[in-house]
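The sequence and structure come first.

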Amino acid sequence: NELFQYADMAMYEVKKSGKNAVYFFEQLMQEKFVERICLENKLTNAIDTSCLELYFQPQVDITTKTLRGFEALVRWYDSELGWIKPDQFIPMAEESKLIIPLGDWVLDQSCYYLAKWQREYNFQGIMSINVSPIQLKNPTFLFDLNSAIRRHNIDPRKIEIEITEGIFIDNIEDTVDLLTRIKELGIGISLDDFGTGYSSLMMLKSVPIDEIKLDKSFIDDYNDEKGRSIISCMLDLAKMLDLPVVAEGVETEEQYLYLKQKGCEVIQGFYFSKPLSAIEFMNKIVDIFYNN
Ligand code: C2E
Ligand code: CA
Ligand code: CA
């Protein structure tokens with residue numbers, strides 16, 4: 001994909017200048033390569049020096065409007081580049097395997113905050129952590145997950161990992177085994193971005209998941225009649241399979257009311273709150289749930 005993009009860019013330069021396409025293509029490839037190495041070095045450094053930060057987005061029980069828990073979302077601050085969004089570095093981290101130390105950092109930090117909030121505020125909610133397929137398939141994942149939980153003395157039933165359909169592409173038996181072992185620890189498993197990837201509906205009945213996350217792209221289509229039919233179908237399907245649904249990217253009251261009426265269990269989105277820094281999160285939570 002990227003190659004096609006460079007080829008397009010090179011063709012554009014050729015049209016402008018009349019020069020040889022290969023010349024521009026090679027030059028572009030080289031620039032991108034250097035950029036990429038530079039970004040990988042920066043990320044390696046950021047992981048080592050803790051220039052990453054976790055943000056926390058509330059997940060709210062749709063009927064009671066009480067806090068069910070939150071999702072931990074990583075952010076990266078670079079002194080030259082500023083704040084970098086995860087969509088811009090997670091794919092690169094996956095390709096370069098930096099996702100392994102990065103994911104481990106996320107596990108440690110998220111458990112640190114959960115333990116702190118349990119201690120200081122008697123916080124009882126569930127914490128969702130994103131786990132990349134590459135991180136999950138790393139042989140030490142189960143050990144790393146367990147270590148983080150023990151290190152911070154957390155009840156595993158307060159943790160849920162968010163996995164994506166990508167992990168079921170190959171070797172489904174091994175993946176099911178691994179997920180079963182994770183569940184045996186008491187940790188919940190949530191299927192993220194459901195419906196956007198590779199999964200078939202058949203898969204849903206054979207994999208050990210506890211919950212489905214309805215992707216933001218479905219909620220974005222709410223204003224479209226067909227879009228609403230799809231949301232409704234997905235919620236019916238989840239009901240039949242006895243799987244609760246967390247709807248993500250809920251931005252308006254209309255969407256919230258529709259999802260509530262359709263029996264969705266939990267919502268996450270700007271309608272309730274955007275992702276917050278640790279301090280903002282606690283201020284808001286204390287305000288809403290403890291001060292009245
Ligand atoms: P995701 O897991 O699907 O996370 C939801 C994304 O939707 C987050 O973007 C969140 O900020 C955004 N979002 C939630 N509600 C709304 C809304 O109402 N409106 C809008 N416009 N956006 C909303 P974010 O934080 O930029 O993360 C992007 C993706 O990066 C995540 O998508 C996830 O795939 C990945 N990611 C983030 N943190 C981690 C991490 O610690 N580990 C791994 N492996 N991936 C991560
Ligand atoms: Ca997620
Ligand atoms: Ca998503």
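The model is predicted. E248 has a relative accessibility of 15% and therefore counts as buried, the cut-off being under 20%. D215 sits in the loop between strand 7 (211–214) and helix 9 (216–220), while E248 belongs to strand 8 (residues 245–248), so the two residues tie together parts that are 33 residues apart in sequence. D215 is also buried, because its relative accessibility is 11%.

## The calcium ion (ligand 2)

A separation of 5.5 Å lies between the calcium ion (ligand 3) and the calcium ion (ligand 2). The protein donors of the calcium ion (ligand 2) are E71 (OE), N130 (OD1), E162 (OE) and D192 (OD), placed 2.1 to 2.4 Å from the metal. Their spacing in sequence is E-x58-N-x31-E-x29-D. Within this set, N130 in strand 4 (residues 126–130) and D192 in strand 6 (residues 188–194) link distant parts of the chain, 62 residues apart.

The two residues of that pair can be described by accessibility. N130 is partly exposed, at a relative accessible area of 28%, whereas D192 is buried, at 7%.

D144 is part of helix 6 (residues 141–151). Apart from neighbours within four places in sequence, its contacts are D104, L107 and N138.

## The nonpolar core

The largest nonpolar core has 80 residues, and those touching the most other members are L43, L136, I161, I182 and L259. Helix 4 (residues 99–121) makes the biggest contribution to this core, giving 10 residues.

L136 can be followed through its contacts. With neighbours within four places in sequence left aside, L136 is in contact with V131, F141, I161, I163, I167, L178, L179 and I182. Of these contacts, I161 and I182 are also listed among the residues that touch the most other core members.

Notes:
Residues numbered from 1 in each chain as written. Chains lettered and ligands numbered in written order. Predicted model: local features only at pLDDT ≥ 70, side-chain atom pairs only at ≥ 80, totals over all residues. Heavy atoms only, no water. Donors = N, O, S within 2.8 Å, 3.2 Å for Na, K, Ca; no water. Helix = DSSP H or I, 4+ residues; strand = E, 2+ residues; numbered from the N terminus. Buried < 20%, exposed > 50% of the residue type's maximum accessible area, 1.4 Å probe, protein only. Contact = heavy atoms within 4.5 Å. Core = buried A, V, L, I, M, F, W, Y, C linked by side-chain atoms within 4.5 Å.
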